[in-house]
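Reader: Could you walk me through this protein, one step at a time?
Author: Gladly; have a look at it first.

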Amino acid sequence: MSEANNQAAETTENVALADDLPKKIPVWWKRRPVVYFRSVVYNLALFTVAFYFACAFKSENFLILTDGSHALFTRAILWILAIKMATFYLRRSYRNLGYYATFRELRNIIFDAAFSFAVVVVFFATCYKFDWFDFKMPLSVATLDMIMTIMLRGGARISRRFYRESVLPAFDPDSDDEPALLVGANNRGAHVANIINNQRSIGYRVVGFLTIHDYKVRMKVGTLPVVADVSNLVEACKRANVKTILFVAGSLPGKTFREIFNRCDKNGLKLKVVPQVEFHPDTKIPIHDVDVNDLLKRDPIVLDTDQIEKLVTGRRVMVTGAGGSIGSEICRQLMRFHPQELFLLGRGENRIFFLERELRALGTDTKLTPIIADVSNASRIDGVFNAAKPEIVFHAAAHKHVPLMESNIPEAIRNNIYGTKVVADAADRYGAEKFVMVSTDKAVNPTSVMGCSKQMAERYVNALAVRSKTRFIVTRFGNVLGSNGSVVPIFTKQIQNGGPITLTDRRMTRYFMTIPEASQLVLEAAAMGKGGEIFVLDMGEPVKIENLAKDMIRLSGLPEYAIEIQEVGLRPGEKLYEELYFESEKRIETSQKKLFAAEHRQFNLEDVQAQLDELLAMTTGPQEAIRDRLQDFVPEYKPTIIEKK
C-alpha cells in the first residue's frame, strides 16, 4: 500500500475512533479534564468557606464557631456541598472561567446563589418536617450563606481580572508595543481595545479612537480619548505620533473603509484589520493586513436568524456541489443553525472528505452524511433522495468556468441544465419542502454557453414551481471573491510571479461579493422564499477590473508601476458588463435590504421540458449545432464575437 493510502486509512480510522468517544466520555470532560477537576475542587473549598462564615456570623463570633454553630456546620456541611455542587452543575457554572468576569457574569453568580439558596431552604425544611433531620436550618444562616457565596465567587473573579489587567501589565512594560488608533468609538471598540492592551504578544497598544461621528471627538470611551473623526485621521496620527490604524472587519460601510484605506496609503500610514470574531481576554487576536475582501466589503449583512432557524434547525438538509466554494460555505453557515442531518453531496471525493472532517471538528450534534454522486446521474440521484428524504435542498453544483464551457458545450448541457433538472425532479418526487438553486448574473442576456445553460436551468426550476408542492427558489448573484477560478487568486499568482497582470479589457466591470456574503444571503432567500421567486443579491456597485488589479498591487506592498498590466482581449463567452436583471424583469424590494426579487417571465413546463430533452439528445453531436439551438431557445443569447488579430 502507498504512503498516501496508508495516511488515508489512518485518518479514516482516527475519524471512526473520534465518533465513538462521545458515547463513552462526556464531551466537556473529554476536552479539558484538568480544568474541570480544578474547578470542582475550587468551588468545594469556596462553598465550605462561605458556609463556615455564615455559621460564624450567626453566632456573632465572626471567626470562630461556637458549640451551637459548630454542630450546625458539621451536620449540614456535606448536604450543603452536595446541593450546591448539584445546582452548580445544573446551571453549567463549571464552564465559567474567572478571567472572563463581566457584569453579566456577576448576574449569573447571583442567580446561581439564589437558586441554591431556594433549594437549601426547601430541602432542610422538608427534612425537618418529616423528622429526617433533628435540627433546623435557620433562614438567617441560609441567607448569610447565599450572600457569602456571592461575595466570595464574585470577588474571586473580579480579583483575577484585576490581576490580569492591572497588576501584570505593571510588571511587563509595553514600551515595545506599537501605538495605534482604533476606528470605532463604541462599546465593541472599547472591548477590543481593552483586550489588545492587556495582551503582551500582539505588538500593538491602542492609545485612542477615531470615529465617524463628530460629536464624539474629545470625549472618552473607557479610559481612552476619541482623538478625531476619520476625515482628520492624518492630522490625528501626527499629533499622537502614531503610524498604525486598526479597524474591526465589517464594522463600517465599504465606501468609508476605502476612503480610510486611500488616506493611509497616500500618507504612509499602516492600516491593519482586526477580524470580526468573538473576543475573550485570552483570545489571540490575529491582526492582519488589509486584503481585497476588506476593500470591497459593503455594509455588514444582518441576517434574520430567527427565520433561518425555523427553516433549518432540526431538519434534514442537502447541499449539492458541497465541495465547491459556495457549496462548502453554505454548509459552514448551515452548521450555525444545527440541522438534524446535513448531506454533503459532490462528485469530488477529496473535497467532500476534507469538508466533512472540517465540519465534524466543530463538535456539533448535527449528523454529517457525505455522498459522492454526479447530479446528472438520474438513477444515482433518485437512490440518494429515496434514502435521504431531504427536507431542504441547496443546489450549488454547476460548471461555472466560462471559457472551458465554450469548448465543452455538451458538459455544460449535461451538468448545468440536465443536472439541475435531475435534482429538482428528485426534490419534487420525494416531497422536499424547499429547493434553492444557486444561479449567476451571467444567465441575464447571456453571451456564453455557461450563462445560457444557467438561464435554461432557471426556466425549468421556475416552471416546475408552478405545479409542485415543493417551493422552488432561484438565487442569482455575480462573481465571488476568492472562489475557485475567480480573478483574485489569478491576479495574486501573477503578482507573485512578478507580472504581468493580464486583463481581457480595461473597460471591463464585474459585480463582486465575498463567499460568506453570498452564502448567507442564499440562506436568507431560502428562509423568506414562498416558491417561484428569483432572488437577486444586492451586489453594490460594479467594480472596474483594472482598479481591482491596481488595488491588489498596492496591497502586495508594491507601487502600481512595479507590475505591468496587459490588455489581452475578450475570451470566448466573456462580456464587458454584467447585468442582474432582464429588461422585462421588475426589481422588487424584500424585507432583507440586501435581497431583491425579480418579477420574471413564466415559461410552460412542457415547452421547457421538450427543449431540455432536445438539447440532451444533441450532446453526442457537433458542438456548434448545440450553440445554434441554444440561440433559438434563448433569443437574448448573443455569443461573444472574438476579433482575430
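Author: A word on terms before we start: helices are DSSP runs of H or I with at least four residues, numbered from the N terminus. Please keep in mind that this is a predicted model.

Reader: Which helix holds Leu90?
Author: Helices are numbered from the N terminus. The helix with Leu90 covers residues 67–90, and its name is α4.

Reader: Is Leu90 buried or exposed?
Author: Exposed means over 50% relative accessible area. Leu90 has a relative accessible area of 59%, so Leu90 is exposed.

Reader: Which residues make the nonpolar surface patch of about 300 Å²?
Author: Residues in a patch have over 30% relative accessible area, and Leu90 has 59%. The patch is made by Leu90 together with Tyr89 and Phe115.

Reader: Is Glu329 buried or exposed?
Author: Glu329 sits in helix α12, which spans residues 325–335. Buried means under 20% relative accessible area. With a value of 12%, Glu329 is therefore buried.

Reader: Which side chain does Glu329 join in a polar contact?
Author: Leaving aside neighbours within four places in sequence, Glu329 is in contact with Ile515, Pro516 and Ser519. The polar contact, at 2.9 Å, joins the side chain of Glu329 to that of Gln333.

Reader: Over which residues is the pLDDT below 50?
Author: The protein averages a pLDDT of 77, and 73% of the residues score at least 70. Where pLDDT is low, the predicted coordinates should not be read in detail. The stretch with pLDDT below 50 has 17 contacts beyond near neighbours in sequence, and it is residues 1–31.

Conventions
Residues numbered from 1 in each chain as written. Predicted model: local features only at pLDDT ≥ 70, side-chain atom pairs only at ≥ 80, totals over all residues. Heavy atoms only, no water. Patch = residues over 30% accessible without salt bridge, like charges linked within 9 Å, V, L, I, M, F, W, Y side chains within 5 Å. Areas by Shrake-Rupley, 256 points an atom, 1.4 Å probe, with all protein chains shown as cover. Salt bridge = Lys/Arg side-chain N within 4 Å of Asp/Glu carboxyl O. Helix = DSSP H or I, 4+ residues; strand = E, 2+ residues; numbered from the N terminus. Buried < 20%, exposed > 50% of the residue type's maximum accessible area, 1.4 Å probe, protein only. pLDDT = per-residue confidence, 0-100. Contact = heavy atoms within 4.5 Å. Polar contact = N/O pair within 3.5 Å; in protein donor to acceptor, adjacent residues only side chain to side chain.
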